[in-house]
Amino acid sequence: MNLQTKLSVLADAAKYDASCASSGSVKRNSVGGKGVGSTSGGMGICHSYAPDGRCISLLKILLTNFCIYECSYCVNRASSSVKRARFSVDEVVNLTLDFYKRNYIEGLFLSSGIIQSSDYTMEQLVNVARTLRKVHDFRGYIHLKTIPDASPELLQEAGLYADRLSINIELPSKQALTLYAPEKNPATIHRSMGQLRHHIDESKESRQQASKIISSTKRKPSKPSRFIYSPAGQSTQMIVGADASSDSKILTLSNYLYGKYQMRRVYYSAFSPIPDAAQMLPAKAPPLVREHRLYQADWLLRFYGFTVDEISQPNDERGGMLDLDIDPKLSWAIRNRDFFPVNINRAPKEALLRVPGIGAIGAKKVMQSRQFRRLRFGDLAKCGLSVKKVAPFIEAADYSPDARLLESEHLKTHFVERSSPQMALF
Ligand code: SF4
């Protein structure tokens, strides 16, 4: 099989992985002619979009789509009849360098099916990253999808070369994982995530100690360490809609993963039906908007001070599912009307962030502007707020909302009719 065919098979096989963001790494570059590539400035980035709208990097590939495992939700499972291909380590290295030099990509996202054994596969992945970094001095971004039951030594080495490591949690419930992916062990996945967190923390601590020594002695180290363990942290991916787990359950698990393992991101990937699928899997994909609502809710958890229970509860009127018609913040506001109106001249930041239509940037602008004068209704647009969206929920110096609308049982309809389909962040 020629290289081009392998590339088409293995790039296509990688499209099911949603975790393609390259944010949060350290800045490296090749200014001065040293090394190859850069993680700063976004130079040479070439992303494309899959037909389902997901952002995928051009060189987002699998090392191989052969696999000895039988995860029933996966198109590459051992019994699947898909066309198979396998790259050698050198082929991936050379493709990465060639594409980088042509400005097609900003780095490499590498995952793999399991061949021979978890350790053997992980060794191959680490080999690619090690060769790029140590032989070619590659300074672009590397994301390695990690095999959770590979040996701890290999997981440790992977983080010396990769900007980001990820281990897929796969499914929201341990029972579903055991049923759908019999070779995968939830305890092993959690243990490996814990190991990655430990190495990341250790690396941070040693850098902090080193910088304390530098600032107290005022002397620069003779040779600064080039290796920081997985500087962009770790992330994970969860398949949504393959099992019956509610959004509330999904968000509870995400919240746990953020807290326990300091995940940088949990990616949600709507289940895609696959050919010859097991009968226990749904025949239809969940609506893509469900994935979008989960990302919005995830954002509320991480940056807006919401708890999982405020967003969704297992026993609420939707059975723990998010409202697909409106975003989760608006949904919370409609269920908590007593909280409103929020006075934009007096409310603390935490309260401003709960107003539908006020995001982090909008809240900051409101707080900066009100230092100089009392804000009036006409100032909302100047702060970059969506006036129509915030209007029912705020008070300004010259404005009070229409109490009849805020109390109306048709408040939700007011937004759905106006903005359907609603895909803005908040
Ligand atoms: S381990 Fe499971 S999810 Fe990963 S490629 Fe193999 S069958 Fe697919």
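Author: The protein chain exposes about 20400 Å². Carbon and sulfur atoms supply 52% of that area. The model is predicted. Buried residues make up 52% of the 426 residues in the chain. The chain holds 16 helices and ten strands. Take contacts between residues at least 6 apart in sequence: 70% of them join residues at least 24 apart.

Now the part itself: strand 7. The strand spans residues 234–240. Seven of its seven residues are buried, so strand 7 is largely enclosed by the rest of the structure. Look at the side chains. Q234, T236, M238 and V240 point one way. S235, Q237 and I239 point the other way. Residues on both sides are buried.

Next, the neighbors. Strand 7 pairs with strand 6, residues 164–166, in the parallel sense. Two bridges make up that pairing. Here L165 stands opposite Q234. Strand 7 also pairs with strand 8, residues 265–270. This pairing is parallel too, over six bridges. T236 has V266 of strand 8 as its bridge partner. How does the chain cross from strand 7 to strand 8, and what is the handedness of the crossover? The path runs through helix 7, residues 247–261. This β-α-β crossover is right-handed.

In short, strand 7 is buried along its seven residues. Parallel pairings link strand 7 to strand 6 and to strand 8.

Key
Residues are numbered from 1 along each chain as its sequence is written. This is a predicted model: local features need pLDDT of at least 70, side-chain atom pairs count only at pLDDT 80 or more; totals for chains, interfaces and linings use all residues. Side-chain values use heavy atoms; hydrogens and water are left out. Helices (H or I, at least four residues) and strands (E, at least two) are DSSP runs, numbered from the N terminus. Buried means under 20% relative accessible area, exposed over 50%, partly exposed in between (1.4 Å probe, protein chains only). Contact means heavy atoms within 4.5 Å. Accessible areas come from the Shrake-Rupley method with a 1.4 Å probe; for residues, only the protein chains shown count as cover. Two strands pair if DSSP finds at least two bridges between them. A crossover is right-handed if, with the strands pointing away from the viewer, the path from the first strand over the helix to the second runs clockwise.
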